[in-house]
Amino acid sequence: MLSTASSSGPFTGVGLVRHCSSNTSIENSKVGSKPPIALPPTKRMAIGRILPFTQLGIKMGEAHIIRNAGGMARDALRSLIISQRLLGTREIAVYHHTGCGMATFSKPDLRSLITEDSKEGAEETVGSMIDEMDFLEWPDEDPLLASLKSEVHFLRTHPLIMRGTKVSGWVWDVGNEQVSILELHGKNRC
């Protein structure tokens, strides 16, 4: 999730959509060609696959980056509210990528994996804890685009997101190293 301030940087009067349309290739962002990204990550570290500063051609300090598994707006709402109210951000880009691990599991599968790995005697307690959690699973049909549309709609209509906030959806294709904007019909809440 990317939240940008309207007070400085290339977003003033230009908007993220126009700015990023000229910065959509990995060539333009000077990252270079790399082999495909492994799933799961080879070093087993949770940092994030997306490099929004280089992929979108923006500089450090021009945007507030909020990361979570699957780019889920519901999971980032608290951070977005703080970003808007305290940092002055007025534009939100929901940023997903192809090959995302969120499309690879169901809650029952995840519950089984977690309870199997729990400490001996704690399986029932761990299972109950998992049952109470919402993992914000992606839809089964066209999960990447369905999730992105859902998250953009959630932010555009949420009463705690400030009026006048520009909300857009983006997909980073890890195969061809291109970013594209999701064309959605309908306006922001305001």
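Where is the place of Thr115? Thr115 sits in helix α4. The model described here is predicted.

## Overall make-up

The protein has six helices and five strands. Read from the N terminus, the order of elements is β-α-α-β-α-β-α-α-α-β-β. The protein counts 190 residues, and 37% of them are buried. Its accessible surface is about 11,400 Å². Carbon and sulfur atoms hold 54% of that surface.

## Helices α3 and α6

Two packed helices are described by the angle between their axes and the distance between the axes. Helix α3 covers residues 73-87, and helix α6 covers residues 143-157. Their axes come within 10 Å. They cross at roughly 35°. The crossing of α3 and α6 is right-handed.

Which residues meet in this pair? From α3 come Ala73, Arg74, Leu77 and Leu80. From α6 come Ser150, Glu151, Phe154 and Leu155. The residues of this contact divide into five nonpolar, one polar and two charged.

## Nonpolar cores

In soluble globular proteins, nonpolar side chains tend to be buried together. In this model, the largest nonpolar core holds 21 residues. Leu80, Ile92, Trp138, Leu148, Leu155 and Ile161 touch the most other members. The most comes from α6, with five residues.

Leu80 is in helix α3. Leu80 counts as buried because its relative accessibility is 0%, and the cut-off is under 20%. Leu80 and Ile65 are 15 residues apart in sequence, with their C-alpha atoms 9.7 Å apart in space.

Trp138 is the other. Which residues does Trp138 touch, not counting those up to four places away in sequence? They are Gly70, Met72, His96, Cys100, Met102, Ala103, Pro143, Leu144 and Ser147.

Helix α4 spans residues 107-116 and contains Arg111. Thr115 is also placed in α4. Is Thr115 buried or exposed? Thr115 counts as buried, at 13% relative accessibility. Arg111 counts as partly exposed, at 30% relative accessibility.

Beyond neighbours within four places in sequence, Arg111 is in contact with Gly127, Ser128, Ile130 and Asp131. With residues up to four places away set aside, Thr115 touches Glu123, Val126 and Gly127. Arg111 and Val126 are 15 residues apart in sequence, yet 8.6 Å apart from C-alpha to C-alpha. Thr115 and Thr125 are ten residues apart in sequence and 8.9 Å apart in space, again C-alpha to C-alpha.

## Strand β5

Strand β5 covers residues 178-182 and includes Leu182. Leu182 is buried, with a relative accessible area of 13%. Its C-alpha atom is separated by 7.2 Å from that of Val171, eleven residues away along the chain. Leu182 touches Leu145, Leu148, Lys149 and Gly169, with residues up to four places away in sequence left out.

## The loop between α5 and α6

Helix α5 covers residues 123-132, and Leu136 lies in the loop between α5 and α6. Asp142 has its place in the loop between α5 and α6 as well. What is phi at Leu136? Phi of Leu136 is near 50°, a positive value in a residue other than glycine. Phi of Asp142 is near 45°, also positive in a residue other than glycine. Leu136 is buried, whereas Asp142 is partly exposed.

| Residue | Relative accessible area | Class |
|---|---|---|
| Leu136 | 17% | buried |
| Asp142 | 45% | partly exposed |
| Arg111 | 30% | partly exposed |
| Thr115 | 13% | buried |
| Leu80 | 0% | buried |
| Leu182 | 13% | buried |

Technical notes. Residues numbered from 1 in each chain as written. Predicted model: local features only at pLDDT ≥ 70, side-chain atom pairs only at ≥ 80, totals over all residues. Heavy atoms only, no water. Helix = DSSP H or I, 4+ residues; strand = E, 2+ residues; numbered from the N terminus. Buried < 20%, exposed > 50% of the residue type's maximum accessible area, 1.4 Å probe, protein only. Areas by Shrake-Rupley, 256 points an atom, 1.4 Å probe, with all protein chains shown as cover. Axes fitted to C-alpha atoms, helices over the stretch in contact; angles between N-to-C directions. Left-handed = near helix turned anticlockwise from the far one by under 90°. Contact = heavy atoms within 4.5 Å. Nonpolar A, V, L, I, M, F, W, Y, C, P; charged D, E, K, R; others polar. Core = buried A, V, L, I, M, F, W, Y, C linked by side-chain atoms within 4.5 Å.
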